[in-house]
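Me: I would like to go through this structure and ask, term by term, what the labels rest on. Please set the values against the criteria.

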Amino acid sequence: METSQAVATGDTFAAQSFELTRWRKVALVLQRVPIFPLLILATLIFTAAAADFLAPHNPEVGNLRYRYRPPVWQDKGSWEYVLGTDHMGRDILSRLIFGARISLLVGVTASIFAGTLGTTLGIMSGFRGGWVDQVIMRLTDAWLALPGVTFAILFAVLMQPGKWNIILILGLVYWTRYARVIRGEVLSLKERDYVRLATVAGCSRAKIMWTHILPNVANSAIVIATLQIGVSIITEATLSFLGVGVAPPEPAWGLMLAEGKSGLMAGYWWLSVLPGLCIMLVVLAANLLGDWFRVWSDPQLRQL
Amino acid sequence: MQGYIIRRVLYAIVSLILLSITIFSLVRITGDPAVLMAEPGAKEEDLQAIRREFGLDKPIVLQYFVFAKNLLKGDFGKSIYYRIPALDLYIQRLPASILLATVAMTISLLIGIPVGIFSAVRVNTWFDNFGKIFAILGLSLPSFWVGLILILTLSVYLNWLPSSGAESWKSLIMPAFSLGWVFTAAHMRLARSAMLEVLGSEYIKLARIKGLSERLVILKHAFKNAVIPVLTLAGINLVLMVNVAVVVESVFAWPGVGRLLFEGISFRDFPVVQTTLLMGGVMFVGVNLIVDILYAYIDPRIRYGN
Amino acid sequence: MTEPLLDIKQLRTYFVSAKGTRVVKAVDGVSFTLNEGETMGVVGESGSGKTVTSLSILRLLPPAARIVGGEIWFAGENLLTKSEREMQRVRGSQITMILQDPLMSLNPLFTIGNQIGEPLRIHRGMRGHSLTERVKELLRGVRISSPEVRMREYPHQMSGGMRQRIVGAIGISCEPRLLIADEPTTSLDVTIQAQYLNLLKDIQLRSGLAMIFITHNIGIVARMCDKVAVMYAGKLVERAPVRTIFNQPAHPYTEALLNAMPKLTDKTERLWSIEGQPPDLSNLPTGCPFSPRCPKAEDRCHREVPPEYQVGDQHFTRCWLWERR
């Protein structure tokens, strides 16, 4: 965007051209620290941990006399059921609070499980090479041949619904995301001098993988894991929505969405919108955090 | 190049075999396959008949080959609920899904490409930041939630659009938008990074040196080059869309294969479920294979190289 | 004496990092002139500011760079006061540039004919038959046979040497008065290099255009150029007619460059190199930028930046050693 005044006088150069406006300074600070996502995730963790104390009602048992109550700010709402009730008279707020526990549990555990599995296989594949590598890579290719959600649905249909099954499924479906990337990194790390030295010095392969390779790929693994939390939560919500995820009466947010769908046309919007809002906020926070972490841990990207 | 193509075809076949094995084994691990294929409340002799038909009394390996043979013949079992071959049912519903996916893809490209390209041209300005937020939102909002919100606002409160079924073009808008939402973000991101890369290339520099106006540089030289990777991704995503449309189709009661899967799950109609998943896998693998082969023709490195 | 075609006075172009913290003085007080039909070689290590200077002339700097001082007079006008639109009319028609990598310089999606014809369409408004004829003429001018066929082909169908000649054809299509060639032979095979250089010389003789030849290869300078400018760390440390530079280099850096060139007649076995590290442009030492590596550096050199002194006819250098004259 050049104007006719293409030239600034050199003497006053330093003083004038890059004075950061106040707005820019604020933006810069906000970029550095991911306040928003951290806040949300902290709230989530706190809610999940203190659910028993925070929830005003029992999330799984409701009072049929108070079915379909709207949230407090609408007509017929009351402070007793702040966010309304569902078709079984269960308090939405309590269900959301306990649902946080489930989402957190599933999201984080699934990520860790998939991450551990994927990273281990990735390291083995990259480091040992040979037929181990070939087998794992073919397996990865075959796995990636199907879209993740489809695969998850397949597993879920055939297994019993339930939290732990979901976590297992998510781990089994998403490990490939890690394996590929980690393997690539290991391949280049293998050529580094300190790895070669360790081999020459007679360290066992396992020891090398554990002490030298693992810490260096941990960064990438964590980045993928944080970004995967969102994916895990959405997949779990999808599975619960379809009826093959977490089983009722457990208050998984995805399940609440499914249960609330039929009430939409009647105008019972809070049954679906509120759990959906929760899902959105948590996934958004996880993605923002993951994105921030990715930029923070890669010194090259930080300059941008 | 021959080697490349042969390898790709082999991978595809192996993937499909693995898929079928997975279904096959999972079914047997988690329960009695005869029960799954039969109606609820079937009597013992019905179960026996099914066992004979599908060779379930034979050794496992043989069973698999019978299974595979049936699949290749096009026999995916009969829908318990509809009582017609599951494959026929699938093919009946497929056009609706393809229509939905095509419209959704068009929407996502019409929005995603211009936003992405403009973000790259005005990189690091407020528009770019707005675009980045838009992209993250796209990845964070589940498609069914977008669908539910749309239904609430446009159907329940404003009563502009129908919330289910497939009567007119109006019923297509909301599901297409919900389905396309996530992909809009992905296409926007790719368009942006592709454009940024193109803008840094030498021929763009030369175009400027020639004295072309900035508008011409972007529209004529940069745009064409940047759009190519996006369209490639879009092609692959089209099939992906058909597969993941399960939820959107269920929410909007759109009569496609996604909704078929949902019905299959709800009514415990296992042959239908099996068919939908298998066919989804076949299409996905197929399209990826075609794209890989096409690439072999376009990318000179693969053509003439190792 | 007629006015010089290009007259650069005290050009200063700085790069600023995104947060405004680091300033890199890529071009710091460079002045030189160029007459019609002359060829000037600009020599220096990478990072010395050669390319930034040429980009400054065309005003095609990356966003992080600013021209903070000086004047660039071309054909009687100060280019730095022109609007972007006016500059677009200058680029491609009066001043053109050839880039280093011919494969990368050509858009893979458009035909050769289309790309050569583009500046003609924009600057001369040519269309249709006359445009096609002119493109063919240009292709013949750079010694590419069967131009009708070639016109319809795409860049990846040509060899490296041909592509560079096509880039040359694009450059001269509108009969510019100044052609800047930025390391045009670096990515070519040695055998093709010579052919290409002859071609450029030929074109220059026929059309009388002035050339700026940016290179780190002194041998090419000797063959192609009438005068030479030597740059180091953003400063112009010596400029002189080509014979003078080779026979009587004034600046220690120029001497070092000439010594570093291995000659066939050398009997020694070791290669002569310049001691020390290339300068860090964001953190330049006080005084003459070459002083840390200069074998003749005195106390003063480390403290103060020398101004330009005249050494002989048309011969200038920035070195305290020449102060006495």
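Me: How many residues of chain C are in contact with chain B, and what makes them count as in contact?
Reply: In this predicted model, 23 residues of chain C are in contact with 17 residues of chain B. They count because contact means heavy atoms within 4.5 Å.

Me: What is the area buried between chain C and chain B, and what is it made of?
Reply: About 1,900 Å² is buried between the two chains, and carbon and sulfur atoms give 63% of that area. The value is the accessible area lost on being put together, summed over both parts, so it is not the area of one side alone.

Me: Why is the pair Glu118(C) and Lys210(B) called a salt bridge?
Reply: The closest N and O atoms of Lys210(B) and Glu118(C) are 2.9 Å apart. The criterion is a side-chain nitrogen of Lys or Arg within 4 Å of a carboxyl oxygen of Asp or Glu, so this Lys and Glu pair at 2.9 Å is a salt bridge. Lys210(B) lies in the loop between helix H9 (202–209) and helix H10 (214–244) of chain B, while Glu118(C) lies in helix H4 of chain C, and the pair thus crosses between chains.

Me: How many residue pairs are in polar contact across the interface, and which elements of chain C supply its side?
Reply: There are 10 residue pairs in polar contact, with both residues at pLDDT 80 or more. Strand S6 (95–98), helix H3 (102–105) and helix H4 (112–124) of chain C each supply at least two residues of the side that touches chain B. H4(C) gives the most, with 7 residues. By class, this side of chain C has 12 nonpolar, 8 polar and 3 charged residues.

Me: Why are S1 and S2 of chain C called paired strands?
Reply: Strand S1 (residues 6–16) and strand S2 (residues 23–34) of chain C are joined by 9 bridges and run antiparallel. Asp7(C) stands opposite Thr33(C) in S2(C), and Arg12(C) stands opposite Asp28(C) in S2(C). S1(C) is also joined by 8 bridges to strand S4 (residues 65–74) of chain C, again antiparallel, with Ile8(C) opposite Ile72(C).

Me: What makes S2 and S5 the edge strands of their sheet in chain C?
Reply: The open sheet has 4 strands in the order S2-S1-S4-S5 (chain C), with antiparallel pairing. S2 and strand S5 (77–78) of chain C each pair on one side only. Helix H1 (residues 50–58) of chain C lies across S1, S2 and S4, running at about 110 degrees to S1(C).

Me: How do you know that S3 and S9 of chain C pair, and in which sense?
Reply: Strand S3 (residues 39–43) and strand S9 (residues 227–232) of chain C share 4 bridges in the parallel sense. At least two are required, so S3 and S9 pair. Val42(C) has Ala229(C) as its bridge partner in S9(C). Both strands belong to an open sheet of 8 strands with mixed pairing, in the order S6-S7-S8-S3-S9-S10-S12-S11 (chain C).

Me: Which helix of chain C lies across S3, S9 and S10, and at what angle to S9(C)?
Reply: Helix H11 (residues 252–260) of chain C does, at about 105 degrees to S9(C).

Key:
Residues numbered from 1 in each chain as written. Chains lettered and ligands numbered in written order. Predicted model: local features only at pLDDT ≥ 70, side-chain atom pairs only at ≥ 80, totals over all residues. Heavy atoms only, no water. Buried area = accessible area lost by both parts, 1.4 Å probe. Polar contact = N/O pair within 3.5 Å; in protein donor to acceptor, adjacent residues only side chain to side chain. Nonpolar A, V, L, I, M, F, W, Y, C, P; charged D, E, K, R; others polar. Axes fitted to C-alpha atoms, helices over the stretch in contact; angles between N-to-C directions.
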